[in-house]
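Here are a few notes from going through this model. Have a look at it first, then read on.

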Amino acid sequence: MNEIYERRSIRRYKAVSVAQEVIEQILRAGIAAPSSKNRQPWRFIVVTGTAKETALLAMEKGLGREKTNPLLPESAEHLPAAWHTLEVMKTAPVVVFIINPLAKPLGEKMSAEERASDICNAQSIGAAIENMALTATELGLGSLWICDTFFAQKELNRWLSVVGELYAAIAFGIPDENPPARPRYALDSVVEWRS
């Protein structure tokens, strides 16, 4: 419970590397997450150093393209935040890209069955990411769950060169900030009891 309440989205990291063994421990926690029909719809690409730099160049290219040829035109108001996220990713020593190998390409039409499966897989991936974020907190690391990668989906998928679709990323490192907890809805405002 402590990690649940102490976890924060960290946007400033110290320029200190993180041992591979620590990242492996975090990834094992992700793999231990429950998944719909035990599909385990995740693959993890861990980038550091030069690989991280080239991945983020692909993201930067996608964010630039989004200004003139948007993949997500109705989300244009969030593009400045995506540029900020890119800067955060540059400071984090480790970024993990989470791929769903079972996914259809973003924007491709899906049947009702495929859409239901996609929703289940997204929930499973969310559980894996949450396990990783909580484990990072337990180990004294900070993390940032990142979905702004969707603005550069084409460019990042091309750079990642994998089967499936990029679903999210998560940054890890030693926090260089201690933000307060963000407000949450009160229990009675989001829960309805029926019997």
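**Notes on the model**

1. Start with Asn-157: beyond its neighbours within four places in sequence, Asn-157 is in contact with Val-162, Gly-164, Glu-165 and Leu-166 (contact being heavy atoms within 4.5 Å). This is a predicted model, where local features need pLDDT of at least 70 and side-chain atom pairs count only at pLDDT 80 or more, while totals for chains, interfaces and linings use all residues. Residues are numbered from 1 along each chain as its sequence is written, and side-chain values use heavy atoms, with hydrogens and water left out.

2. Asn-157 sits in helix 6; helices here are DSSP runs of H or I with at least four residues, strands are runs of E with at least two, and both are numbered from the N terminus. Is Asn-157 buried or exposed? Asn-157 counts as buried because its relative accessibility is 14% (buried is under 20% relative accessible area, exposed over 50%, partly exposed in between, with a 1.4 Å probe and protein chains only). A polar atom of the Asn-157 side chain lies 3.1 Å from the backbone nitrogen of Leu-166.

3. Four strands make an open sheet in the order 1-2-4-3, with antiparallel pairing; two strands pair if DSSP finds at least two bridges between them. Strand 1 (43–47) and strand 3 (142–146) are the edge strands, each pairing on one side only. On average, neighbouring strands of this sheet are turned by 20° against each other, direction ignored.

4. Strand 3 deserves a look of its own. Four of its five residues are buried, and strand 3 pairs with strand 4 (residues 165–173) in the antiparallel sense over five bridges. Trp-145 has Ile-170 in strand 4 as its bridge partner.

5. Two helices lie across strands of the sheet. Helix 5 lies across strand 1, strand 2 (94–100), strand 3 and strand 4, at about 10° to strand 4. Helix 6 (residues 153–160) lies across strand 1, strand 2 and strand 4, at about 80° to strand 4. Axes are lines fitted to C-alpha atoms, for helices over the stretch in contact, and angles run from 0 to 180 degrees between N-to-C directions.

6. Last, the end of helix 5: Gly-140 follows this helix, with a positive phi near 85°.

Definitions and conventions: Polar contact = N/O pair within 3.5 Å; in protein donor to acceptor, adjacent residues only side chain to side chain.
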